[in-house]
Amino acid sequence: MSKQLFIHTLGDFYIELEQQKLKPAENISGKTITLFLLILFCGKNGIGWQESLELIYPGKAHKMECLYPLLNHLKNFLTAAKLINEEDTLYENGVIRWQSKNLEIQADFWLFDKAASQSLSADGHRENLARACKLYTGEFLKEYRTEPWIVQKRFYYQELFIWCMQSFLELLQKEGKTEQILRVTKKAVKLCPCQEWQTIHIHALMALGRWKEAFEASDEMEKLSLKKALYPDTKELPLESYCNTFVFSQIYRREIQENEKSGRSASLLLFSLTEA
């Protein structure tokens with residue numbers, strides 16, 4: 001009988017085996033975790049060693065020797081968790097892969113993406129929207145901010161959550177489900193604060209006659225709006241990282257949207273650095 005392995009990546013990162021949280025390996029690096037997730041993404045086909053290094057160490061020259069420490073650390077991690085045996089190998093004929101016959105592997109980002117995609121069809125539209133909104137519990141791999149592919153995935157899942165939440169709230173409003181709207185917007189505002197969802201939350205409180213809470217929420221929204229106006233948020237990328245065209249376009253689009261909501265003007269500075 002197969003054991004169940006569940007990977008949590010939305011919000012806090014951790015792994016569960018048979019619903020028991022695995023103890024994090026000591027001194028395991030973010031690069032090793034990244035390699036582990038890349039293998040999961042690629043499934044049974046695996047990923048070529050050069051491609052994996054390009055994603056883990058972007059913009060640098062790559063040699064196979066750079067991969068050996070990561071492979072050793074990853075194998076030690078999987079062996080200690082009793083997910084593979086000592087004699088198992090992760091690398092063969094230029095490809096890195098991990099397939100276990102005794103494990104049924106699931107991940108929250110897979111389930112979230114699947115529910116969001118299935119919500120596009122009329123059959124099960126409402127149920128899948130509700131499931132997608134429930135499955136999203138925070139930013140994708142929020143602890144790891146250096147790899148561009150992670151940034152791409154993070155923006156993708158966040159945008160997908162916003163679309164699902166917006167669509168689900170529209171359904172609930174048409175159905176007049178005020179109590180459920182209140183619960184849903186409480187989570188939505190916490191994960192992705194925006195004035196529109198805050199306003200819907202306040203209206204739900206007022207509709208239920210919870211005037212004191214509505215006043216407190218309104219006061220909090222006003223304070224946050226003022227804080228944003230006086231101290232605009234800045235999106236910082238790590239200095240050791242770089243931003244490719246796709247990631248830049250996503251960040252720039254989000255900034256423009258936020259500026260339009262707050263009334264701030266936008267400015268853009270582009271520059272490049274070269275060695276002397």
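In the predicted model, Glu18 is partly exposed, its relative accessible area being 42%. This residue is placed in the loop that links strand E2 (14-17) to strand E3 (20-21). Most residues other than glycine have a negative phi.

Leaving aside residues up to four places away in sequence, Leu103 touches Ser2, Lys3, Leu5, Leu17, Leu83 and Trp98. Among these partners, Leu17 falls within the range of strand E2 (14-17). Leu103 and Ile84 are separated by 19 residues in sequence, and their C-alpha atoms are 9.9 Å apart.

Two helix pairs were examined in terms of their packing. Two packed helices are described by the angle between their axes and the distance between the axes. Helix H4 (residues 108-118) packs with helix H5 (residues 125-135) at an angle of about 155 degrees, and their axes are 8 Å apart. H4 is therefore roughly antiparallel to H5, as the angle is over 145 degrees. The crossing of H4 past H5 is left-handed. On the H4 side the contact involves Leu111, Phe112, Ala115, Ala116 and Gln118, which meet Asn128, Arg131, Ala132 and Leu135 of H5. Classified by residue type, this contact of H4 with H5 contains 6 nonpolar, 2 polar and 1 charged residues.

The second pair consists of helix H6 (residues 148-175) and helix H7 (residues 178-191), whose axes come within 10 Å and cross at roughly 160 degrees. This angle makes H6 roughly antiparallel to H7. H6 passes H7 in a crossing that is left-handed. From H6, the residues that make the contact are Phe161, Met165, Phe168, Leu169, Leu172 and Gln173, while H7 provides Gln180, Ile181, Val184, Thr185, Ala188 and Leu191. The contact of H6 with H7 comprises 9 nonpolar and 3 polar residues, with no charged residue. A charged residue is, by comparison, present in the contact of H4 with H5.

At the level of the whole chain, the secondary structure amounts to 10 helices and 7 strands. Of the 276 residues in the chain, 36% are buried. Among contacts with a separation of 6 or more, 61% are between residues 24 or more positions apart. The chain exposes about 17400 Å², of which carbon and sulfur atoms supply 52%.

Note on methods. Residues numbered from 1 in each chain as written. Predicted model: local features only at pLDDT ≥ 70, side-chain atom pairs only at ≥ 80, totals over all residues. Heavy atoms only, no water. Helix = DSSP H or I, 4+ residues; strand = E, 2+ residues; numbered from the N terminus. Buried < 20%, exposed > 50% of the residue type's maximum accessible area, 1.4 Å probe, protein only. Contact = heavy atoms within 4.5 Å. Areas by Shrake-Rupley, 256 points an atom, 1.4 Å probe, with all protein chains shown as cover. Axes fitted to C-alpha atoms, helices over the stretch in contact; angles between N-to-C directions. Parallel < 35°, antiparallel > 145°, perpendicular 65-115°, else oblique. Left-handed = near helix turned anticlockwise from the far one by under 90°. Nonpolar A, V, L, I, M, F, W, Y, C, P; charged D, E, K, R; others polar.
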